[in-house]
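Student: Can we go through this model together? I'd like to learn how to read it one piece at a time.

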Amino acid sequence: MRFRDALQIAQAPVSDAAERMTVDLLCGFTPDQFRTFLVAQLRTRTADRVIDGRVGLFGDLVGNLERAAVSGAAPFVVVPIEWADLDARLGVRGLGGWSPEALGNIVAGVEAQLVRITSAVERIAATSLLAVSLPTLPLPPVSWLPRIQAGLFEARLRAAVAEATVRLAGIDRVRVVDVQVLDERSPLAERHDVRAELTYGYPYTAAHAAALSGIFATLLDPPAPKKGIITDLDDTFWRGILGEVGVEQVSWDLEHHSQGHGLYQQLLKSLADAGVLIAVASKNDQGRVDEAFRRTDLVMPASQIFPLTANWGPKSASVAGILAAWNVGADSVVFIDDSPLELAEVSAAHPAVTTLHFPKDDTGVVRLLEQLRDLFGKPALSAEDAVRLESLRRGAAVADAMASADPEAFLSSIDPVLTVSFDVAPGNTRPLELINKTNQFNLNGRRLSEPEWIAHLNDPEAFVATIGYRDKFGPLGTIAVVAGHRRGATVQVAHWVMSCRAFSRRIEHATVVLLLERFEAEALQLDVMATARNAPLQEYLQLYRTGEATLAPGFTVTRAQLSSVHPTLYHRIEDLGHG
């Protein structure tokens, strides 16, 4: 992105209803040009968006941060840190001296500045989401050593930055730019505009500003992570055609020159351990596939794959069955195959599915693994990530059991327990994750940014109820979130989501009863909006429709309706906290 292009995007008109995003740019250099790049990058993600915010004083990064920590920062904060912010002698505008006896003093000053920066960032993160970069520009030729030789001075500087990176990366709501990705997108020798820094106090080339601002924008406004991978087997999961070479001859290791397939399995297992759903759609004999998955040298075991589908029908039909078993949207799923024909067939039937080609060369495989990390990466893991696969299997077992038994007798026999908390611990990302990822049982499809979520948690008149579930089949973890305000005898509900893993257990009915009784209220007023995806929510609320009432904001569910609407509830309630 050139500066001219960034300026055009940043200044493009927006509607009166445009989303407003307030971003503070706290830096030590002249901010205007970089702010233009940042606004343009954010608007490429949502074009109809107003970006406003503040910038700090020139040459005073630490002061800008400390003042923001006291007076309050914007919901989103960008902090590019450069060497000159840590000691003016490490920039080209300062003339404080580079003599050998000054180097120890420079290191001590850098260490002290980094401590102040980290402390201020931690205080700002109590109410804001921050994206931070540590020095991206090359060090000037300060020490007396030849540049090819690593010296103690430079090593101590980089050690101080590394230690600060560790501290910053461990702070909730602070996202640090990864130096390896920045190096890929912006070569070190092409970052520094010395003339612009000397003339205007602005140190970046346009290419570096575009790359760095793009990473900042993604950290502040990341795409929703994908939920599941559907993979082919032959020449993808392993090398070889199972039906031709046999169970013992398919391979995935160095010895058989098929290490790329082993690395692929290794990443799949890593993603599965982090809660990503993994399924197989293969044109193969199911018996032979089952036999192959009994091999003990597999990196990715069958126990972490669900469903494992092998047949001779179209791959698109297998994908449809897997989507139904997972009960997730096609746009949350990636399909991987070595055959362009199979990819095209699945894409034609399921255009929302992301299709990726498994390459034949090992370098291409590594690039694919990097792409998958980006598609499925998330800021934090939750306890529910560890039980997602098993809860899907249990859900399938519950559905099968209910289909072959009397529902009332079945539900009364499984000992269902709802665990309810009205306290959200700092660092608990699961409630916001549910709100922003759940589609089918979602009150209005409205997403929240982390700063908006923080503001709601800090509102003394607001509430958040998180609901967990377990029964004799095992725990599902936190499966529902309700957020809103208590207004007299009415509970105003702004957000209500429930995981599809919890369907068919009457948890939605129990949630209504729970809220009315917990707040001793007469009605729930729901900020409901019908979307293309929340059909299960709409179907449930039809039970409460009377007269000309429509499913629109203000739709009301009353206590008086309960006896005529609700089926028998068998849940025990465990109250874990009070807000």
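This is a predicted model: local features need pLDDT of at least 70, side-chain atom pairs count only at pLDDT 80 or more; totals for chains, interfaces and linings use all residues.

Student: How far apart are N and O where the side chains of arginine 470 and glutamate 574 meet?

Tutor: The cut-off for a salt bridge is 4 Å, from a side-chain nitrogen of Lys or Arg to a carboxyl oxygen of Asp or Glu. Arginine 470 and glutamate 574 do form a salt bridge, and the N to O distance is 2.8 Å.

Student: And how many residues apart are arginine 470 and glutamate 574 in the chain?

Tutor: Arginine 470 sits in strand β13 (residues 462–471), while glutamate 574 belongs to strand β18. The pair links distant parts of the chain, and the separation is 104 residues.

Student: Is arginine 470 buried, partly exposed or exposed?

Tutor: Buried means under 20% relative accessible area and exposed means over 50%. Arginine 470 has 31%, so its class is partly exposed.

Student: How many salt bridges does the structure hold?

Tutor: Here's the idea behind them: side chains of opposite charge can pair when their charged atoms come close. In this structure, the number of salt bridges is 27.

Student: Which residue forms a salt bridge with aspartate 221?

Tutor: Aspartate 221 is in the loop between α9 (206–220) and β6 (228–231), and its partner lies 172 residues away in strand β2 (residues 49–52). The closest N and O atoms of the pair are 3.0 Å apart, and the partner is arginine 49.

Student: Of that pair, is arginine 49 buried or exposed?

Tutor: Aspartate 221 has a relative accessible area of 23%, so it counts as partly exposed. For arginine 49 the value is 3%. The limit for buried is under 20%, so arginine 49 is buried.

Student: How many nonpolar residues are in the contact of α5 with α6?

Tutor: Among the residues that meet are Leu103, Ile106 and Val107 in α5, and Phe153, Leu157 and Ala160 in α6. By class, the contact has one polar residue, three charged ones and a nonpolar count of 13.

Student: Is the peptide bond from phenylalanine 306 to proline 307 cis or trans?

Tutor: Most peptide bonds are trans. Proline 307 lies in the loop between α12 (286–292) and β8 (308–311). Omega for this bond is near -10°, and the bond is cis.

Student: What is phi of histidine 257 near?

Tutor: Most residues other than glycine have a negative phi. Histidine 257, in the loop between α10 and α11 (259–273), has a positive value. At 62% relative accessibility, histidine 257 counts as exposed. Its phi is near 55°.

Student: Last one: with which side chain does the side chain of histidine 566 make a polar contact?

Tutor: Histidine 566 lies in the loop between α22 (562–565) and β18 (572–577), and at 14% it counts as buried. Its contacts beyond four places in sequence include His509, Val512 and Tyr540. The polar contact, at 2.6 Å, is with the side chain of tyrosine 544.

Conventions. Residues are numbered from 1 along each chain as its sequence is written. Side-chain values use heavy atoms; hydrogens and water are left out. Helices (H or I, at least four residues) and strands (E, at least two) are DSSP runs, numbered from the N terminus. Buried means under 20% relative accessible area, exposed over 50%, partly exposed in between (1.4 Å probe, protein chains only). A polar contact is a pair of N or O atoms within 3.5 Å; within protein, one must be able to donate a hydrogen and the other to accept it, and residues adjacent in sequence count only if both atoms are side-chain atoms. Contact means heavy atoms within 4.5 Å. Ala, Val, Leu, Ile, Met, Phe, Trp, Tyr, Cys and Pro count as nonpolar, Asp, Glu, Lys and Arg as charged, and the others, Gly among them, as polar.
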